[in-house]
Amino acid sequence: ANTEGYSRQRIVQTTGSPIIKEGFITGTGARVNGTKRFEAPLLEKRLKSSISNNQFHKEKATQLERVENIFSEVNGESLNQVLGNFFNSFRELSNHPENDSIKSIVRDNAEFVIKDFSRITGDLENISRGIDSKIGTEIENINQNLKEIAKLNTQITKTEASGDQSGDLLDQRDLALRTLSESFQVTAYVDGKNRFVVNAEGVGTLVS
């Protein structure tokens with residue numbers, strides 16, 4: 001129960017053949033024929049979809065919050081205030097065009113606008129580079145995860161072909177799919193040739 005991704009399993013038992021001796025029937029108990037893994041494909045599909053949606057909105061909120069902080073009016077003067085000061089000083093200059101001190105204020109406010117534009121541009125570029133770097137790292141993790149799913153597919157096929165139980169391996173594969181669904185919408189199914197296929201929505205087949 002403490003194993004992440006574990007699915008409930010039940011022992012499958014059958015009654016042993018009774019022994020008839022001198023008119024008496026003696027039972028031989030029960031035999032274990034294997035284990036049955038309880039699956040809920042519809043719930044698993046909804047879970048993966050919910051994970052994808054949750055991660056999408058969570059990441060979107062995080063990045064938009066970073067952008068919001070750039071334009072924040074809480075700490076220091078915001079772009080709105082800087083532009084307001086700039087246009088207000090221009091309005092003042094239009095009323096007193098001969099005033100050198102007001103001209104100096106207009107020039108200083110113009111420099112503040114330029115500096116704030118530069119600050120905003122630099123901060124936005126830093127966010128963009130951070131997102132690009134994060135995507136690069138995530139792609140590496142996705143590829144590693146896909147290799148793990150392909151490996152599990154091979155192990156599951158061999159295990160089931162030999163008549164052994166593959167419940168734990170199936171649990172590991174479902175867990176890997178949930179991890180994969182954190183990056184994009186994932187669909188998985190078994191095709192007509194009994195191959196386990198993983199698709200990315202809008203992309204195509206990733207594992208077959």
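Me: Why does Q172 count as partly exposed?

Reply: Q172 has a relative accessibility of 40%, and since buried means under 20% relative accessible area and exposed over 50%, with partly exposed in between (1.4 Å probe, protein chains only), Q172 counts as partly exposed. This is a predicted model, in which local features need pLDDT of at least 70 and side-chain atom pairs count only at pLDDT 80 or more, while totals for chains, interfaces and linings use all residues. Residues are numbered from 1 along each chain as its sequence is written, and side-chain values use heavy atoms, with hydrogens and water left out.

Me: What makes N153 count as buried?

Reply: The relative accessibility of N153 is 10%, which falls under the 20% limit for buried, so N153 counts as buried.

Me: Which residues is N153 in contact with, leaving aside its neighbours within four places in sequence?

Reply: With contact meaning heavy atoms within 4.5 Å, N153 is in contact with R173, F196 and V207 once those neighbours are set aside. The side chains of N153 and R173 are also joined by a polar contact of 2.7 Å, a term that stands for a pair of N or O atoms within 3.5 Å, where within protein one must be able to donate a hydrogen and the other to accept it, and where residues adjacent in sequence count only if both atoms are side-chain atoms.

Me: What joins the side chains of D164 and S162?

Reply: A polar contact of 3.3 Å joins them, and that value is within the 3.5 Å limit. D164 itself lies in the loop between α3 and α4.

Me: Where do N153 and Q172 lie?

Reply: N153 belongs to helix α3 (residues 100–161), whereas Q172 belongs to helix α4 (residues 167–180); helices (H or I, at least four residues) and strands (E, at least two) are DSSP runs, numbered from the N terminus. From that terminus on, the elements of the protein chain run β-β-β-β-α-α-α-α-β-β-β.

Me: Why is the protein chain called more spread out than a compact globule?

Reply: The radius of gyration, taken over C-alpha atoms, is set against a globule rule of 2.2 Å times the number of residues to the power 0.38. For 208 residues that rule gives 17 Å, and the radius of gyration of the protein chain, at 32 Å, is well over this, so the chain is more spread out than a compact globule. Along its principal axes the C-alpha trace spans about 130 × 30 × 25 Å.
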